[in-house]
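The exercises below are meant to be worked through with the sequence and the model side by side. Try each task before reading its solution.

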Amino acid sequence: MTIMDSIIRQRIKVNGIVQGVGFRPFVYNLAIKNNLNGFVSNTSDGVVIELEGAAGVVDQFLESMSDSPPPLSSILSLDANYIQVANDCGFKIITSKSNNEISTQISPDAAICRDCLNEISDVDNRRFEYPFTNCTNCGPRYTIIKELPYDRHLTTMSDFKMCSQCKEEYDNPMDRRFHAQPNACPDCGPSLTLTARDGKSIASSDKISTCISLLKSGFIVAIKGLGGFHLMVDATNSNAVSRLRTRKNREEKPFAVMAKNLDHARDLCHICGTEEIWLTSIQSPIMLLKSIENNNIASNVAPGSEFLGVMLPYTPLHDLLMNCIVDVPPLVMTSGNLSDEPICIDNDEALDQLGDIADYFLLHDRRIHIRADDSVVMIINNKPRVIRRSRGFAPAPVILKNNGPSVLAVGGDLKNTICLLKNKNARISQHNGDLENLKAYETFQQTIHHLKDIFDIQPDILACDMHPGYFSTQWAKSISYLPLFEVQHHHAHLASGMAEFGLENPVIGIIMDGTGYGLDKTIWGGEFLVGDYHGFQRINKFQNMPLPGGDAAIKSPWRTAIGYLFKTYGDSLPDLPFMMLHDYEPVIQIVQKGINSPLTSSCGRLFDAVSAMCGGKQEIRYEGQAAIEFMNAAAAAGGRSCLDFEIIGDVVSVESIIRSIVKCLKMDDNLSVISRKFHNTMIKIFTQVAIQISKDTGINDVVLSGGVFQNRILLSGVNAALEKNGLSVFSHEQIPTNDGGISLGQAMIARNKLHNNKN
Ligand code: ZN
Ligand code: ZN
Ligand code: FE
């Protein structure tokens, strides 16, 4: 007998997302297959396995378990110890009874799996064409959970009693549906209703085909999905799309579309390997993909953009809809909400609020407890960039390097997320929207209470932005029983980059965004920082420029352009073509008199100003529109030439850039050429300043953060240039680079603050 044959017993503790994701049946089946004895059980510490058998087989078991765990699980740590052999017979799943054994890991919602897809398309299967089919490897999770433990009666599936066949699957450890809490079938589960806009149901033997016929006739249909309602319309029918735009009061902001499968998505867009992986992932986000020219998508779906947001069917309902007949067109699927409000999740709410937009409603009776918008991902430099982290991602934790006090960070007011820290887990919420909207603000508050509850977190400290006008800040200030730490906006961006990559030593932060409240009460947004969780220094910055009319200028880039030109040239303004379009005298007046013209170092506003000066977007219809279209213009021109610029001491002279642009305009350079030169220039400035700071401080790590880094040309250009100069670059992947990511940074800074105060 060799050592490998000798009988041993090991006790193995597995942590991570290992509860409610089919981990125990997986272990059970693997143990049975390998003829191992022992048991598996859920405890408050994670999954505990005791295995008894030949040493070699136990090793093999551990290897297989780590190599191919169930699709929704993720093993974060694995602890194995030898214990006394107990001579068990067989292998058992020990069911958890006690409430102390509350699972603290909740899986995000997951796209339908291959097995379930096969079942719904199999005429002989009892779930043939059943839109609510799911199993342990797929289906709703976070959006239906009301309380922990994750058990059917505490989810919105408590409305349905499992039939005997479903119950059998649920109780059978060998079944794919063992303990699948949302398990259902046509006999016992949720069902569809098709109604007119007045809520009166429409008799139809096949609601899904009827729905497709309606869409093909150009009607707008609201559909209840996984994390909320969508508004659907035929994406190849420009009249229908324009009707949706008018009714939804959404003039130009691009719509996302759903394609029936990967092949069809390839007819619409160029898709590289990494893009394919994410498009077909269990998160199933909207992917921003480069459109193929002359695809059949109506031009008003994503006007002025080279990119199209595409997703694939991620629920059985979507799949049945997209495949019910051969020629289902790609469908616009946009959030079912009124302009900036959160998406509707409730049938009555949707009928009430979307009744003037949608002609028909495809409803169902599985309630959504927590709303989750579609997530948005793009690939830059072959890496995923999560721009909106919501359905499919939340509430999976970001794993931190160290333990520390529990923290609640409330984020910023735009693209709000909140973040809760407990031990090594950072829980970033789903996207709550812009808090100046009252309903989004209510969602924000609900999210805080819900996440605190389900993860059982009692924060020791609160963190918020320094902006006194933020609703999130005001909410945090109203909580009197907890210490509050106010974090500077761009410091939070820097810390969020550090946390994502587990950095601990001081870094150089190139933080470029729209606006954030600065320490000197001006508006910051073009910042070169050196710092860590303890603090930061503002080493360099873009020159302060006036923002005529304050926030109003954000919607009218031409006003920003006039402000920047006036600051540069004073009374001797050059004559530029774009100026003829506007009555700009009053704008100059307010800047001159200093009326409501706050100063800003914002990089986002510089993009706006330059783009408007060159004849780009004068007024914008959605956030970032001017910068996005300006970037698209650069793609049409090549070359490496730059504009002249000056860095004076610790300030990048914006005036010098404005003068160079005016020179280009006088030489009749077109928008594309100037945009390319401008992008090259920004890359050069960022690199030059970062290299200088690195020389002065000896710091080699550079974090890029802020909404401006959603710009592909800039991000890949800066990345390449810094790396070429021997610096290590960290740019966001899983955490949004925009304000959706600052809650994590705030939380880390506050945790550190508390930690240091205690020591
Ligand atoms: Zn499944
Ligand atoms: Zn059933
Ligand atoms: Fe920001």
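Does Glu 119 count as buried or exposed? At 13% relative accessibility, Glu 119 counts as buried, a term that means under 20% relative accessible area, with exposed over 50% and partly exposed in between (1.4 Å probe, protein chains only).

This is a predicted model, in which local features need pLDDT of at least 70, side-chain atom pairs count only at pLDDT 80 or more, and totals for chains, interfaces and linings use all residues. Residues are numbered from 1 along each chain as its sequence is written, chains are lettered from A and ligands numbered from 1 in the order in which they are written, and side-chain values use heavy atoms, with hydrogens and water left out.

**Exercise 1. Describe the site of the zinc ion (ligand 1).**

Step 1: Cys 113, Cys 116, Cys 135 and Cys 138 each coordinate the zinc ion (ligand 1) through SG, at 2.3 Å; donors are N, O and S atoms within 2.8 Å of the metal (3.2 Å for Na, K and Ca), and water is not among the atoms, so sites may look incomplete.

Step 2: The angles among the four donor atoms run from 103 to 119°, and the site is tetrahedral, which for four donors requires all angles to lie between 85 and 135 degrees.

Step 3: Cys 116 is buried, with a relative accessible area of 0%, and Cys 135 also counts as buried at 0%.

**Exercise 2. Describe the site of the iron ion (ligand 3).**

Step 1: The iron ion (ligand 3) is coordinated at 1.9 to 2.3 Å by His 489 (NE2), His 493 (NE2), Asp 513 (OD) and Asp 739 (OD).

Step 2: His 489 and His 493 both lie in helix 13 (residues 489-500), four residues apart, about one turn of the helix.

Definitions and conventions: Helix = DSSP H or I, 4+ residues; strand = E, 2+ residues; numbered from the N terminus. Tetrahedral: all angles 85-135°; square planar, octahedral: opposite > 155°, others 65-115°.
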